[in-house]
Amino acid sequence: MEAAAVRATVPAWRANLATIGAMMARARNELLRVPGAAIPGVLAPTIFFLGLNGVFGALTQLKGFSTGSYEAFIVPVSMLQGAGFTGAAAGVNLARDYEAGWVDRLLVSPAPRWVLLAGTVLAASARALIPGTFVFTIALLLGAGFPGIDGMIICFAMVAAMAAVAACWGSFLALRFKSQSAAPLMQSGMMALVMLTPAYAPIVLLQGWLRTVAEVNPETHVIEAARQGFVGSVSWADTWPGLLALAGLLLVLGGLALREMRRTAQ
């Protein structure tokens, strides 16, 4: 009775924060106990970065490039790809937890559904900083050039937010299909979102349907915002479209994931 009375006096916001913190700590502990699980998320964007730089590095000689360093042009893309992989992995882990019965136990708890989703999403955002930092370091060693403190902060903020978007997408599919078999769709969806942009060449050099899609793809604004410190100066005019695009993606995909979580609990 006394314990129940104590819990009743705890403010709701404090209880919600404690729940989110516990879920993030669980994700951290999984990484500490099985550090090898982070290797694919680190290696994949690094391999993309090194491979694409080796194959397409001479594209900077074309008219339309604002930088002579393809390393600087491509590194934000690889960092965002790492964020996409990390967020998709969060969806796979959620599907695994559902198959193991862990999600059922979460859903019978008094925690609001948005709190449970926020724990998964924020854990993915924090975890995405690992591959992002690794790729960023490799790029600097290869001569990408430091983007400045403001450019670095904006780039990493975009990486963390992109991981949250990917985690919402992965969570939606995990709760929709309730199986890890949806993993390829989680990963391919994020890959397509990033690749159908001016990821590997400026938009003025894109042709046909690829340019048309890139112009309407909200991820284009995210990449341009993350890239600005590497290829030029940082400005609010190049930053706010990326923030707005991320907010829209989080609103849509987060809403879909939350709806599936509420349906699962019924």
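By class, how many nonpolar, polar and charged residues does the lining of the largest cavity have?

Modeller: The lining of the largest cavity has nine nonpolar residues, together with four polar and four charged ones. Here Ala, Val, Leu, Ile, Met, Phe, Trp, Tyr, Cys and Pro count as nonpolar, Asp, Glu, Lys and Arg as charged, and the others, Gly among them, as polar. The model is predicted, so local features need pLDDT of at least 70 and side-chain atom pairs count only at pLDDT 80 or more, whereas totals for chains, interfaces and linings use all residues. Residues are numbered from 1 along each chain as its sequence is written, and side-chain values use heavy atoms, with hydrogens and water left out.

The count comes to three cavities of 30 Å³ or more. A cavity is a set of points on a 1 Å grid over the protein atoms alone where a 1.4 Å probe fits but cannot get out, and its lining residues have an atom within 4 Å of a point. The largest cavity holds about 240 Å³ of space, the volume being that filled by probe spheres set on the points. Its lining comprises 17 residues, of which Ala-27, Glu-30, Asn-93, Thr-120 and Ala-123 are the closest to its centre. At least two lining residues come from each of helix H2 (12-33), helix H4 (70-100), helix H5 (102-107) and helix H6 (113-127). H4 gives the most, with six residues. Helices are DSSP runs (H or I, at least four residues) and strands are E runs of at least two, numbered from the N terminus.

Helix H6 also contains Val-115, which is buried with a relative accessible area of 0%. Buried means under 20% relative accessible area, exposed over 50%, and partly exposed in between, with a 1.4 Å probe and protein chains only. Apart from neighbours within four places in sequence, Val-115 is in contact (heavy atoms within 4.5 Å) with Asn-16, Thr-19, Ile-20 and Met-23. Val-115 and Leu-258 are 143 residues apart in sequence, yet their C-alpha atoms are 9.8 Å apart.

Asn-53 touches Tyr-70 and Glu-71, residues up to four places away in sequence being left out. Ala-58, by contrast, is in the loop between helix H3 (39-56) and H4 and counts as exposed at 52% relative accessibility.

Overall, the protein chain has twelve helices and zero strands. Its radius of gyration over C-alpha atoms is 20 Å, close to the 18 Å that the globule rule gives for 266 residues, so the chain is as compact as a globular protein of that length; the rule is 2.2 Å times the number of residues to the power 0.38. Of these 266 residues, 48% count as buried.

Terms used:
1 Å grid on protein atoms, 1.4 Å probe; cavity = no way out; pocket = protein on both sides within 12 Å on 5 of 7 lines; lining within 4 Å.
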